[in-house]
Amino acid sequence: MAIAPAISGDSFQAAVAAPLPPARSGDNVLDGDLALLEGLRREGGADREDGVREFGEIVGRLDWIERGFAANERTPEHVSYDRAGARVDSISFDPSWHELLGLAVENGVAGAPWADPRPGAHVARAARFLLVAQIEAGITCPLAMTYSCVPALRLEPGLAADWEPLVSSGVYDPRELPASQKNGALIGMALTERSGGSDVAGSGTVAVPAPGGDEGEVLVSGGKWFVSAVQSDAFFALAQTDQGMSLALVPRLDEDGRPNGFHLDRLKPKLGNRSNPTAEVVLTNARGRLVGEPGHGVRAIMAMIGGTRHDCVLGSTAVMRLGTAEAIHWAIHRQAFGAALIDQPAMKAVLADLALESEAATAGAMRLARANETAHAGDGDAEMFRRLAAPVLKYWTCKRAPQHLAEALECQGGFGYIEESRLARAYREAPLMSVWEGSGNVQALDVLRAWRRSPASLDALLSEIELAAGANARLDAAISGIRSELAGDPVGEAAARGLCGRLARTLQASLLVRHSTAAVSDAFCAARLGEGAGGAFGDLPAGADLDAILERARPDR
């Protein structure tokens, strides 16, 4: 026997059909992100603003947002053999993957800035990366590697002459052809082995001179355990030679279009980043060319990793901005206990705190983008600054992203935990940037190593921070504390993470004091500097101007 509802039919139907907040789409994502817009202008990209704004309009459209969902719903598939039975080891994608990656490549998010000598090209590229990463993080891996490979290619002028025009063409060409027959190319990395990730000394991959080949031409054999964007046209691979660990660039296909000694064992079943194919690969006499000085492969690949680490900062910043925007949008449109969520004090404090973290990350990421651009243009001071700022920001920003996304997801309640929400996927992405390109420990130890080898890098970072000296008492106290810490007993490895976090927060605070509003910078300094800093989101000091903080962060500005 059916049980009648305890409320009237009309009320029952209204409760069942009550709409959820509308999906966020249709707004220009650049104009809705004031911190990014200001950072673009401030860090040298003002002349590129119109082009970035056009891109911001595109990535805010519902059809492009839906492509991000589609790329994850039909994940890449390994195609071992073609219809004639020949081994091909290719990857089949949902069409949305190619559309998304093509949009990004053709709008300058891959290697195109290297072919643009005008100032601001790399800063504008960073802004576009932050925008497109909010649609789908999976495509950012091939974008990051293809962008960052150019300094490594330039270590070998012959390789640069062949490959740089392809990676900087601004053309997405996914055809299964040798790179010499294509209009654009993607470059990846094949570094990690079963023996370890960051510790490459135990690598079992070997490279031997290619019989009858040119000088520097080698045959590479070994197993690579974690090769992302495995459909790329070529890969930098670390391998042992008779002179020690060396770096080689290995095309995936030979000139006949057949696999160049590449054998895909399987695609990885990953927690997140599912649209990006990551494979276990066996190389068997894969023909390649040495890059950089033989025996100094780690030094050579660091020319590339310096860029990909920055893109990890950008990737974490992007998911934090997405989390902030989605949480605020939900709270504007969601009613509970007789009022909009955004008007309820406890929720308002959480949203404002999420906004603080997002704006601080954006300020740091865009400042680092300018340092990268000017360093590559020959600015020695910028090179010293980025040498320490990159691992400092990579450590902290990537550590904060998972916590931030968990809180943003909670703001949406149960909806945030289902796949219809953009935050469920973003939450799975959030831990990845801390793993890629060196874990937290690797970054923190790199800070110690850089400081000891080049004290000027620490001086450059502190000089940047001290540009805000005298403007905020808490910031001044934090600077003084760091100076005292560094002047005392040598910082040991066990304390490296603490130092790295303090340097990152103090740099972010300095940027906000100089470039944001007092409401934002005062609240950030009070919540993130000093003893007990970095508690649960929403634990802001009394007197913080929550409305002013949120006004800057609203995606519907």
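This is a predicted model: local features need pLDDT of at least 70, side-chain atom pairs count only at pLDDT 80 or more; totals for chains, interfaces and linings use all residues.

Reader: What makes strand 8 and strand 9 a pair, then?

Author: Strand 8 and strand 9 share five bridges, and the cut-off is at least two, so they pair. The sense is antiparallel. For a spot to look at, F262 stands opposite L283 in strand 9.

Reader: How do you know that strand 5 pairs with strand 9?

Author: By the bridges again: nine of them join strand 5 (residues 217–228) to strand 9, and the two run antiparallel. With at least two needed, nine qualifies, so this is a pair. K224 has V281 in strand 9 as its bridge partner.

Reader: Which strands does strand 7 pair with?

Author: Strand 6 (residues 234–241) is joined to strand 7 by eight bridges, antiparallel. Strand 7 also pairs with strand 9 (residues 278–291), in the antiparallel sense, over three bridges. L247 in strand 7 shows both sides: L238 stands opposite L247, and L247 stands opposite V291 in strand 9. A248 stands opposite L290 in strand 9.

Reader: How many residues sit between strand 6 and strand 7 in their hairpin?

Author: Two residues lie between strand 6 and strand 7 there.

Reader: Why is strand 7 called mostly covered?

Author: Buried means under 20% relative accessible area. Six of the eight residues in strand 7 (residues 244–251) are buried, hence the label "mostly covered".

Reader: What makes N273 buried?

Author: N273 has a relative accessible area of 1%, and the cut-off is under 20%, so N273 is buried. N273 belongs to the loop between strand 8 (262–267) and strand 9. The backbone there deserves a look too: phi of N273 is near 55 degrees, a positive value in a residue other than glycine.

Reader: And why is E437 called buried?

Author: E437 comes out at 19% relative accessible area, and 19% is under 20%, so E437 counts as buried. You'll find E437 in the loop between helix 14 (432–435) and helix 15 (440–453). E437 has a positive phi of about 55 degrees although it is not a glycine.

Reader: How do you know that A179 is buried?

Author: A179 has 13% relative accessibility, which is under 20%, so A179 is buried. A179 sits in the loop between helix 9 (157–167) and strand 3 (187–190). Leaving out residues up to four places away in sequence, A179 touches W163 and L166. The C-alpha atoms of A179 and E255 are separated by 8.2 Å, with the two residues 76 apart along the chain.

Reader: What makes A390 buried?

Author: A390 has a relative accessible area of 13%, and the limit is under 20%, so A390 is buried. A390 lies in helix 12 (residues 380–411). From A390 to N372, 18 residues apart along the chain, the C-alpha separation is 9.3 Å.

Reader: Now helix 11. Why is helix 11 called roughly perpendicular to helix 19?

Author: Helix 11 (residues 345–376) and helix 19 (residues 518–528) pack at an angle of about 95 degrees, with axes 10 Å apart. Angles of 65 to 115 degrees count as roughly perpendicular, so that's the label helix 11 and helix 19 get. D353, L356, E357, E359 and A360 of helix 11 meet V520, A523, F524 and R528 of helix 19. By class, this contact has five nonpolar, no polar and four charged residues.

Reader: What makes helix 11 roughly perpendicular to helix 18?

Author: Helix 11 packs against helix 18 (residues 496–515) at about 95 degrees, with axes 9 Å apart. That angle falls within 65 to 115, so helix 11 is roughly perpendicular to helix 18. On helix 11 the contact uses E359, A360, A361, A363, G364 and R367, and on helix 18 Q508, L511 and L512. The class count is five nonpolar, two polar and two charged residues.

Reader: How do you know that helix 11 reaches close to its expected length?

Author: Helix 11 has 32 residues and reaches 47 Å from its first C-alpha to its last, close to the 46 Å expected at 1.5 Å a residue. Helix 11 is also mostly covered, with 27 of its 32 residues buried. Just after helix 11, G378 takes a positive phi of about 105 degrees.

Key: Residues are numbered from 1 along each chain as its sequence is written. Side-chain values use heavy atoms; hydrogens and water are left out. Axes are lines fitted to C-alpha atoms, for helices over the stretch in contact, and angles run from 0 to 180 degrees between N-to-C directions. Helices (H or I, at least four residues) and strands (E, at least two) are DSSP runs, numbered from the N terminus. Angles under 35 degrees count as roughly parallel, over 145 as roughly antiparallel, 65 to 115 as roughly perpendicular and the rest as oblique. Contact means heavy atoms within 4.5 Å. Ala, Val, Leu, Ile, Met, Phe, Trp, Tyr, Cys and Pro count as nonpolar, Asp, Glu, Lys and Arg as charged, and the others, Gly among them, as polar. Buried means under 20% relative accessible area, exposed over 50%, partly exposed in between (1.4 Å probe, protein chains only). The expected span of a helix is 1.5 Å times one less than its number of residues.
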